[in-house]
Amino acid sequence: MTSSNGERRRGRRPGGTDTRTALLTAAREVFTEQGYDGATVRAIARKAGVDAAMVNHWFGGKEALFAEAVLQLPFNPREQLAQVLGTGDPVTLGERIVRTFLTIWDAHDGGIFAAMIRSVASHEKVAKALREFFHTNVFGQLAGVATDNGELRSNLVASQMIGLGVVRYVAKFDPITATDVETVVKAVGPTLQRYLTGPLA
């Protein structure tokens with residue numbers, strides 16, 4: 001889209017359609033059709049009728065756009081995990097992972113986690129895109145922490161956290177649902193730590 005003087009327009013598309021909303025709508029369709037790896041910024045922008053630079057302008061990149069458009073998360077899992085990995089003592093990494101994500105999910109009453117799980121359960125293409133996203137942006141970071149069997153260890157961490165989320169926010173088993181974050185951190189954190197750096201057998 002260009003103006004009469006040849007300069008590219010920013011912000012809103014012709015007709016008053018919000019560029020950001022158009023990108024979110026287009027991204028949901030393209031990610032669902034092509035998967036996370038197959039979807040390109042150019043394809044999403046083209047479907048939205050805007051310049052590809054608008055993706056970075058509004059979202060900072062493909063990962064953040066996927067997190068908001070498909071996962072409908074108010075944060076970027078890649079950036080959040082990078083922050084957790086980059087701060088604190090390595091021997092308490094398991095506890096920090098549990099604390100960080102429970103705190104985020106609790107702040108939204110578990111709704112964002114529950115919505116993500118239901119989307120995955122009901123749409124195979126969304127599940128495929130989700131697997132690709134986490135393999136590229138999350139599991140790789142966790143695998144880098146491990147001294148061996150990085151992919152297996154990162155998947156074990158994922159299984160623990162997803163299982164905990166399902167029990168706390170989807171199935172809502174008591175007393176897990178009502179247990180305070182720090183109690184869960186102390187109970188589950190050491191298990192994640194073993195998955196990451198301890199013996200597996």
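Which residue forms a salt bridge with Arg153? It is Asp148, and the closest N and O atoms are 3.0 Å apart. By salt bridge I mean a side-chain nitrogen of Lys or Arg within 4 Å of a carboxyl oxygen of Asp or Glu.

Ground rules, quickly. This is a predicted model: local features need pLDDT of at least 70, side-chain atom pairs count only at pLDDT 80 or more, and totals for chains, interfaces and linings use all residues. Residues are numbered from 1 along each chain as its sequence is written, and side-chain values use heavy atoms, with hydrogens and water left out.

Back to that pair. Arg153 counts as buried, at 4% relative accessibility. Asp148 is partly exposed, at 35%. The cut-offs: buried is under 20% relative accessible area, exposed is over 50%, and partly exposed is in between, with a 1.4 Å probe and protein chains only.

Searching the whole structure gives 6 salt bridges. Here are two more of them. Glu95 pairs with Lys186, with the closest N and O atoms 3.4 Å apart. That bridge links distant parts of the chain: Glu95 sits in helix H6, Lys186 in helix H10 (residues 181-197), 91 residues apart. Helices here are DSSP runs of H or I, at least four residues, numbered from the N terminus. Glu95 is buried, with a relative accessible area of 18%.

Next, Arg99 and Glu182. Their closest N and O atoms are 2.7 Å apart. Again distant parts of the chain are linked, with Arg99 in helix H6 and Glu182 in helix H10, 83 residues apart. Arg99 is partly exposed at 27% relative accessibility. Glu182 is also partly exposed, at 36%.

Now helix H5, residues 77-86. Which of its residues are buried? Pro77, Leu81 and Val84. They lie on the same side of H5, because they cover an arc of only 55° around the axis. The arc is taken from the directions from the helix axis to the C-beta atoms. As background, an α-helix has 3.6 residues a turn, so residues three or four places apart point the same way.

What covers that buried side? Helix H4 (62-69), helix H6 (93-107) and helix H8 (124-143) are among the elements covering the buried residues of H5. Contact means heavy atoms within 4.5 Å. The face turned away from the buried side carries Glu79, Gln83 and Gly86, which are exposed.

Just after H5, Gly88 takes a positive phi of about 90°.

Note on methods
Helices (H or I, at least four residues) and strands (E, at least two) are DSSP runs, numbered from the N terminus.
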